[in-house]
Structure formats: structure tokens, C-alpha cells
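Subject: Structure for your files

Hello,

Here is the structure I said I would pass on. My notes follow below it.

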Amino acid sequence: MSMQLMDDNRLVKLYLKGNEEALKHLIIRHKQRVYSHIYLLVRNRELTEDFFQDTFFKVIQSLKGGHYYEDGKFGAWVIRIAHNLVIDHFR
């Protein structure tokens, strides 16, 4: 089955088994939504880029640390991470 057709949870499982390509597909799949969410909060392209990178760095750390629990809401989980990073930055 093509990775483009796999659901997020399957891609997460593949990534955790060492398939880096699965992470690439997850990032591509959620890039626009996450990027737009961050931009709406900060209204600055450079900051948005920084937060976007930090978000997926945190996603990787969390996945590898076992802090993602399959509930079918990977996209919402990533948005929450991005949102919290922005909020923490401006505190």
C-alpha cells in the first residue's frame, strides 16, 4: 500500500519502526494546516518558519519518547503542540 493512502496512525507506527519516509509523509500531509495555524497566531513568516520547525522537532521527540497515544487525531495533536509552543514563547 502506498504511504500516501495510509492513515496517520499507520504512518506513525511505521516511523517508530524506523521508516523515516513515513515521517516525511506525515509532515507533508499536515504542513499547510499547521503552518497556517501558526501564522494566524504570530503574523510573521520568519517566526512561523521557526515555530513550524520547532513543532515537528517536538513531534519527533514526543513520538520517540512514547508520548503519542493512538486516538486517530494526529493532526489535532500536532496543532496543539504548535499552539502551545507559540503560547509559551509569548509568555
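Arg43 sits in the loop between helix 2 and helix 3, where helices are DSSP runs of H or I with at least four residues, strands are runs of E with at least two, and both are numbered from the N terminus. The backbone at Arg43 has a positive phi of about 55°, although Arg43 is not a glycine. Most residues other than glycine have a negative phi. Arg43 is exposed, with a relative accessible area of 56%; exposed means over 50%, buried under 20%, and partly exposed in between, with a 1.4 Å probe and protein chains only.

Before the rest, the basis of these notes. This is a predicted model, in which local features need pLDDT of at least 70 and side-chain atom pairs count only at pLDDT 80 or more, while totals for chains, interfaces and linings use all residues. Residues are numbered from 1 along each chain as its sequence is written, and side-chain values use heavy atoms, with hydrogens and water left out.

On the overall fold, the protein chain has four helices and zero strands, in the order α-α-α-α along the sequence. Its radius of gyration is 13 Å, close to the 12 Å that the globule rule gives for 91 residues, so the chain is as compact as a globular protein of that length. That radius is taken over C-alpha atoms, and the rule is 2.2 Å times the number of residues to the power 0.38. The C-alpha trace spans about 40 × 25 × 20 Å along its principal axes.

Buried residues make up 37% of the 91 residues. Of the contacts (heavy atoms within 4.5 Å) with a separation of 6 or more, 47% are between residues 24 or more positions apart. The chain exposes about 6,000 Å², and carbon and sulfur atoms supply 51% of that area; the areas come from the Shrake-Rupley method with a 1.4 Å probe, and for residues only the protein chains shown count as cover.

Helix 4 covers residues 74-90, which is 17 residues. From its first C-alpha to its last, helix 4 reaches 25 Å, close to the 24 Å expected at 1.5 Å a residue; the expected span is 1.5 Å times one less than the number of residues. The buried residues of helix 4 include Phe74, Trp77, Ile81 and Val86. Its buried residues pack against helix 1 (8-16), helix 2 (20-42) and helix 3 (45-64).

His83, in helix 4, is partly exposed at a relative accessible area of 28% and is in contact with His37 and Leu41. The C-alpha atoms of His83 and Leu14, 69 residues apart along the chain, are separated by 26 Å. His30 belongs to helix 2 and is buried, with a relative accessible area of 10%. The contacts of His30 are Asp8, Phe74 and Gly75, and both Phe74 and Gly75 are among the buried residues of helix 4.

Lastly, Asn9 is placed in helix 1 and is buried, with a relative accessible area of 14%. Not counting residues up to four places away in sequence, Asn9 touches Tyr68, Glu70 and Gly72.

Regards
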